[in-house]
Structure formats: structure tokens, C-alpha cells
Amino acid sequence: MSAGPAVDPRGPRFAAILTTIVLAVVLLTQWWPLLAAQAVVFAIGAFIGLKPAPYSLIYRYLVAPRLGPTTEREDAAPLRFAQAVGFVFAVVGTVGFATGLTALGFVATAFALLAAFLNAAFNFCLGCEMYLLIKRFSPSPRAS
């Protein structure tokens with residue numbers, strides 16, 4: 001995953017708020033098609049990029065124009081990694097709910113909800129922190 005351009009950190013937090021709402025509804029209803037739709041949202045952010053991701057578009061065109069500009073920027077790579085982690089949990093949850101393995105669906109969705117809530121409420125991106133830890137402990141390529 002290439003990092004791509006740096007992003008306004010308010011956008012991912014806005015996306016986390018929407019994700020928290022969607023995942024809470026999924027936990028209450030166990031409606032797997034909504035979780036599958038959230039998996040698609042995660043997939044776009046992780047594998048295509050943050051710019052075309054649906055929640056990013058909502059933020060960019062409806063929310064950001066109403067806010068003052070910011071000079072603060074955040075690297076996109078950890079955010080995309082976090083979207084990939086969310087994608088995995090959403091797919092596992094979707095499979096669980098869709099196949100009758102309700103406990104699997106519930107647990108996977110609850111983990112994704114916890115991560116989204118931490119970002120939305122406390123500006124703590126769990127997936128981003130995982131990315132930084134993995135990067136820190138990964139062997140660096142040696143110069144020849």
C-alpha cells in the first residue's frame with residue numbers, strides 16, 4: 001500500500017463516527033447486508049485509496065466546506081492499513097451472520113466497533129497504532 005497524499009485528520013475521524021453508527025446498528029439488528037456494505041466501504045479505503053472512499057467523499061463535499069481550513073495533515077498509510085483491518089473484521093462478521101454463526105458475527109463486529117469508537121470518541125486509531133508497531137519492528141531493508 002502506498003501512502004499517497006497526506007490527509008486532513010478530521011476526515012478519518014468523521015468516517016470513524018459514521019462507521020461506529022453503522023456497526024452499532026449491525027450489532028443491534030444482526031443485519032449482515034449492512035455489514036457487507038461497510039466491508040465494501042473499508043475495502044475502497046484500504047485497497048483503492050482514501051480519496052474515493054464513500055465516507056471521505058461525504059466529508060470532503062458536505063462537511064469540510066463548513067469547517068475552517070487546517071494545516072494539520074496525517075500520513076495516509078496507517079489509515080489505509082486500519083481500513084484493511086476493518087475490512088477483515090467486517091468480512092468475518094458478515095460471513096458469521098450470513099451463515100448462522102451468530103457468535104462469530106457478533107464478536108468480529110464488536111471488535112470493529114470498538115476500534116471505530118476509539119477513533120471517533122478519543123481520536124485513537126487502533127489500526128494506525130498497529131501499523132506503526134509493525135513498521136517499527138519490521139526489519140528494514142539493508143543498503144547494498
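Which residues in H2 meet which residues in H4? In this predicted model, Trp32, Leu35, Ala36, Ala39, Val41, Phe42, Ala43, Gly45, Ala46, Phe47 and Ile48 in H2 meet Arg80, Gln83, Ala84, Gly86, Phe87, Ala90, Val91, Gly93, Thr94, Phe97 and Ala98 in H4, where contact stands for heavy atoms within 4.5 Å. Residues are numbered from 1 along each chain as its sequence is written, and side-chain values use heavy atoms, with hydrogens and water left out. Because the model is predicted, local features need pLDDT of at least 70 and side-chain atom pairs count only at pLDDT 80 or more, whereas totals for chains, interfaces and linings use all residues.

**Helix packing**

- The axes of H2 and H4, as lines fitted to C-alpha atoms over the stretch in contact, with angles from 0 to 180 degrees between N-to-C directions, come within 8 Å and cross at roughly 155°.
- H2 and H4 are therefore roughly antiparallel to each other, on a scale where angles under 35 degrees are roughly parallel, over 145 roughly antiparallel, 65 to 115 roughly perpendicular and the rest oblique.
- H2 passes H4 in a left-handed crossing, a term for a near helix turned anticlockwise from the far one by less than a right angle, with right-handed used if the turn is clockwise.
- By class, the contact of H2 with H4 comprises 16 nonpolar, five polar and one charged residues; Ala, Val, Leu, Ile, Met, Phe, Trp, Tyr, Cys and Pro count as nonpolar, Asp, Glu, Lys and Arg as charged, and the others, Gly among them, as polar.
- H4 also packs against H5, at an angle of about 155° and with the axes 7 Å apart, which makes H4 roughly antiparallel to H5.
- The crossing of H4 and H5 is left-handed, and it brings Phe89, Val92, Gly93, Gly96 and Phe97 in H4 to meet Thr102, Leu104, Gly105, Phe106, Ala108, Thr109, Phe111 and Ala112 in H5.
- That contact of H4 with H5 has eight nonpolar, five polar and no charged residues.
- H1 and H3 pack at an angle of about 120° with their axes 9 Å apart, and are therefore oblique to each other.
- In the right-handed crossing of H1 and H3, Arg10, Gly11, Phe14, Ala15, Leu18, Thr19 and Val22 in H1 meet Tyr55, Ile58, Tyr59 and Val63 in H3.

**Largest pocket**

- The largest pocket has a volume of about 900 Å³; a pocket is an open set of points on a 1 Å grid over the protein atoms alone where a 1.4 Å probe fits, with protein on both sides within 12 Å along at least five of seven lines, and lining residues have an atom within 4 Å of a point.
- Of the 41 residues that line the largest pocket, Pro12, Leu50, Ser56, Leu79 and Gln83 are the closest to its centre.
- Two or more lining residues come from each of helix H1 (10-29), helix H2 (32-48), helix H3 (54-63), helix H4 (76-98), helix H5 (102-122) and helix H6 (126-137), helices being DSSP runs (H or I, at least four residues) numbered from the N terminus.
- H4 gives the most to this lining, with eight residues, and the lining divides into 27 nonpolar, nine polar and five charged residues.

**Second largest pocket**

- The second largest pocket has a volume of about 220 Å³, a volume being the space filled by probe spheres set on the grid points, which are joined across faces, edges and corners.
- Of its 13 lining residues, Glu74, Leu79, Asn123, Cys125 and Cys128 are the closest to the centre.
- H4 and H6 are the elements that give two or more residues to the lining of the second largest pocket, and H6 provides the largest share, three residues.
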